[in-house]
Amino acid sequence: MNDPLPETLYEAYQKNPDEADKRIWGRVADPLTRRGFFRSMGLATMASALGAPIPFAHNMPSGLIPAAFAEDPTFSVIEGKKGLRVLNDRPINAETPVTLLDDDFTPNHRHFVRNNGMVPARAVNQDSTDWQLTIDGEVGNPLQLSLEELKRQFPIRKAALTLECGGNGRAGFNPPAKGNQWTLGAVGCAWYRGVRVADVLKKADVKRSAVFMAYYGEDRHLSGNPQLNPISRGVPIEKAMDENTLLVWEMNGESLPALHGFPVRLICPGWPASTSGKWLKRLWIRDQVHDGAKMTGYSYRVPKHPVAPGTEVPESDMETIQEMPVKSIITFPGSGLETALSEALPLRGHAWSGKGKVQAMDLSIDFGTTWSSAELKAPVNHYAWQRWKSTLHFPGKGYYEVWARATDSTGQMQSMLVPGWNPKGYLNNGMQRIAVKVV
Ligand SMILES: Nc1nc2c(c(=O)[nH]1)N[C@H]1C(S)=C(S)[C@@H](COP(=O)(O)O)O[C@H]1N2
Ligand SMILES: [Mo]
């Protein structure tokens, strides 16, 4: 069996450059120079990757790594995700810098990626030929559905849905929690096309004994052991039957990208994105709460009662995260901006909540003493994030911070500081703030 420890790209290159090349590019670099893919990359390939021809290509020293790539460590790591911040490349985990989330809806190339295992070959090859989804367990009529059957047998739904990793914001906790140090960018809102899970489960004739819907994906465990699942979570049957919970095969008008769960994934909007299983092969309807990988122990659980930072919390005091809390981001401008006193500063971002709609969006430029409300759009559908925008005037030159705070329809508001410390660093919905220098 392979080395069970995940290895970063940089470690991989130190250990065995050929293997590293194969992993990233699917081929080995020039055997003479052994200097990596760029040495052997053709000029045309390089120009297309750079997005422009290279007028002085004839002057380029052979083997030179273009600065455009060298300065962008993500380029060589994840194909099709330029500009994302890579937290780990085995498994692939990458977040979107918050200013790259400025689109109304998140394009595929800017959607964060959170993998717990290795992407299945079927997804890489975009081949659904003998794919089937099994629905079994507490059902009167177990189903085996091909992609075509799934598309044909149920009414099609289309919706823009927000996905946020339960650990988004983990980097803000102190003492720190182990795991991917997500800052603000493990969130996105894309358009999906699929069918309601409820329609499929009705056809499967869910029994009254059904309590929970568990998912199994085709992704492989990092250890290479086929008996192990990288993750197998799910949701209570009521959430599965919710009209907004979908089985989708399309993201922003394209078939699901390899990294996002081809051919079919779940979207359980409003809940930690870990419940939205990718690369599905089975939905197991159970008569008890699922106990698959990352359902037990401290995974996706927080203390039932607030605890002081650093507290050792017994397992029995932990509960599983359900809805994600209200949150917002500032997608324009980025922090550190300089602006002229004579000009008004336009700002914009998104706000969302797992518990309903966002009802108010407020900004402060005086460290939270006074607040002005931003313009907030209604969501295009339930669980889509909401656009907010505003224009700020500053009273004089100097250093300011803009603080942004969303409040949802249940009255919940983002906290000013990092909220509720918890052992695994989930649910940080503290306000985002940016620095502005008025000159
Ligand atoms: N099969 C499978 N489903 C999965 C995962 C995974 O590793 N394997 N990761 C989960 C987690 S923790 C998150 S946050 C979301 C991320 O979805 P994305 O990569 O499309 O952004 O997928 C979830 N579904
Ligand atoms: Mo996640």
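Start by selecting Gly137 together with Ile285, its bridge partner in β13. Now widen the selection to strand β4 (residues 133-137) and strand β13 (residues 280-286): the two run parallel and are joined by four bridges. Strands here are DSSP runs of E, at least two residues long, numbered from the N terminus, and two of them pair if DSSP finds at least two bridges between them. This is a predicted model, in which local features need pLDDT of at least 70 and side-chain atom pairs count only at pLDDT 80 or more, while totals for chains, interfaces and linings use all residues. Residues are numbered from 1 along each chain as its sequence is written, chains are lettered from A and ligands numbered from 1 in the order in which they are written, and side-chain values use heavy atoms, with hydrogens and water left out.

Next, pick ligand 1. Which residues come nearest to ligand 1? Of the 19 around it, they are Phe112, Asp219, His260, Arg265 and Lys278; a residue counts as near if one of its heavy atoms lies within 4 Å. By class, this shell holds eight nonpolar, seven polar and four charged residues, where Ala, Val, Leu, Ile, Met, Phe, Trp, Tyr, Cys and Pro count as nonpolar, Asp, Glu, Lys and Arg as charged, and the others, Gly among them, as polar.

Zoom in on the oxygen atoms of ligand 1. One is 2.5 Å from a polar side-chain atom of Lys278. An oxygen atom also lies 2.7 Å from an N or O atom in the side chain of His260, and at Asn116 the 2.7 Å distance runs to a polar backbone atom. The protein covers 100% of the 530 Å² of accessible area that ligand 1 has on its own (Shrake-Rupley method, 1.4 Å probe).

Move on to an open sheet of five strands, in the order β17-β24-β23-β19-β20, with mixed pairing. β17 (337-339) and β20 (372-373) stand at its edges with a single partner strand each, so one side of each has no neighbour in the sheet. β17 pairs with strand β24 (residues 432-438) in the parallel sense over three bridges, and Leu337 stands opposite Val436 in β24.

Finish with some backbone stops:

- Asn174 to Pro175: a cis peptide bond, omega near -5°, with Pro175 in the loop between β6 (156-164) and β7 (187-196).
- Phe262 to Pro263: a cis peptide bond, omega near 0°.
- Lys294: phi is near 75°, a positive value in a residue other than glycine; Lys294 lies in the loop between β13 and β14 (301-303).

Key:
A polar contact is a pair of N or O atoms within 3.5 Å; within protein, one must be able to donate a hydrogen and the other to accept it, and residues adjacent in sequence count only if both atoms are side-chain atoms.
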